[in-house]
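Here's a quick briefing to read with the structure open. Take a look at the fold first, then zoom in on the aromatic side chains.

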Amino acid sequence: MYRFSNTVIGFLNLFTLLGSIPIIGGGLWMARSSTTCESFLQTPLLVVGFVVLIISLAGFIGACFRVAWALWVYLVVMLFLIATLMGLTIFGFVVTSQGRGVEVPGRVYKEYRLEDYSPWLRNKIKDPDYWRTIRSCILGSKTCAKLASWTPLDYLEKDMSPIQSGCCKPPTSCNYNMATVEPQDTDCYRWSNAPTLLCYECDSCKAGVLEDVRRDWHKLSVLNIVMLVFLIGIYSIGCCAFQNTRRAETDYPYGENRMTKVRPRWDYYWWRWWQDKREQLY
């Protein structure tokens, strides 16, 4: 007779097993696509999909067919997954704790400075190969093309995304109408009116990308916390199912009896000695 914990683990892992199939399919579809932005996420999707598939399959077999070694593998991998997810969540909160942008007087949008973000993110975004991938992604998304029809009044009244604020226009402090040359922000000299150049090589553009990463990472961290609570609950039920499966393999309904002998307490011998003395006296 199956225990309740085995049944629950079996159903939960059946659902996650079926849920891993579209994840793997999405990763394979992205691998065949030529779009840079989509191929950028294909490896994490495939890894997550196959890990979930293997864990769910091991948990389903172990719980439903009472295979102890499969449940043992399931619990070990699940523990590793919980520890990894917890580490990534803490790392995400630490890395994305800086930033948020600065207010621009007379404007609705904010502007972003690269030096406001964590050193780890700055070093990552400054890598030429990494930035080339992100730059191609921004060009392909036509993000800046949406501002082509804006009027000067729109720049005063409308908000912009972090990438639009940093990549699609020069910093607001730039002044190109001055007769005399005065020191300005370095990004002012990197700006170009060419649609394929704009401010894509500006530090403000990289900062806008990091702001998007920061916001997305915070949303993902909240989801990670929910997933951690869910996985810890499943892990606890899985431990009960593992104990039930181990007991089912023995002849003892409540576990193997490993007691070979019983040692009486020290006062038992004193009590027996006193009883013997009383019998001799009477």
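You're looking at 11 helices and two strands. Keep in mind that this is a predicted model. Going along the sequence, the elements run α-α-α-α-β-β-α-α-α-α-α-α-α.

**Overall picture**
- The protein has 282 residues, and 32% of them count as buried.
- If you take contacts between residues at least 6 apart in sequence, 66% of them join residues at least 24 apart.

**Aromatic pairs**
- There are four aromatic pairs in the protein, counting rings whose centres lie within 6.5 Å.
- One of them is phenylalanine 91 with tryptophan 217, an edge-to-face pair with 6.0 Å centre to centre and 65° between the planes.
- It gets the edge-to-face label because the cut-off for that class is over 60 degrees.
- This pair ties together distant parts of the chain, 126 residues apart: phenylalanine 91 belongs to helix H4 (residues 68–95) and tryptophan 217 to helix H10 (residues 203–248).
- Ring pairs also bring Trp120 into a cluster with Phe91 and Trp217.

**Buried or exposed?**
- Tryptophan 217 counts as buried because its relative accessibility is 18%, and the cut-off is under 20%.
- Phenylalanine 91 has 32% relative accessibility, so this residue counts as partly exposed.

**A charge over a ring**
- Lysine 206 places its charged end over the ring of tryptophan 131, at 5.6 Å from the ring centre.

Conventions. Residues are numbered from 1 along each chain as its sequence is written. This is a predicted model: local features need pLDDT of at least 70, side-chain atom pairs count only at pLDDT 80 or more; totals for chains, interfaces and linings use all residues. Side-chain values use heavy atoms; hydrogens and water are left out. Rings of Phe, Tyr and Trp (its six-membered ring) pair if their centres lie within 6.5 Å; planes under 30 degrees apart count as stacked, over 60 as edge-to-face and the rest as tilted. Helices (H or I, at least four residues) and strands (E, at least two) are DSSP runs, numbered from the N terminus. Buried means under 20% relative accessible area, exposed over 50%, partly exposed in between (1.4 Å probe, protein chains only). A charge sits over a ring if NZ of Lys or CZ of Arg is within 6 Å of the ring centre and within 35 degrees of the ring normal. Contact means heavy atoms within 4.5 Å.
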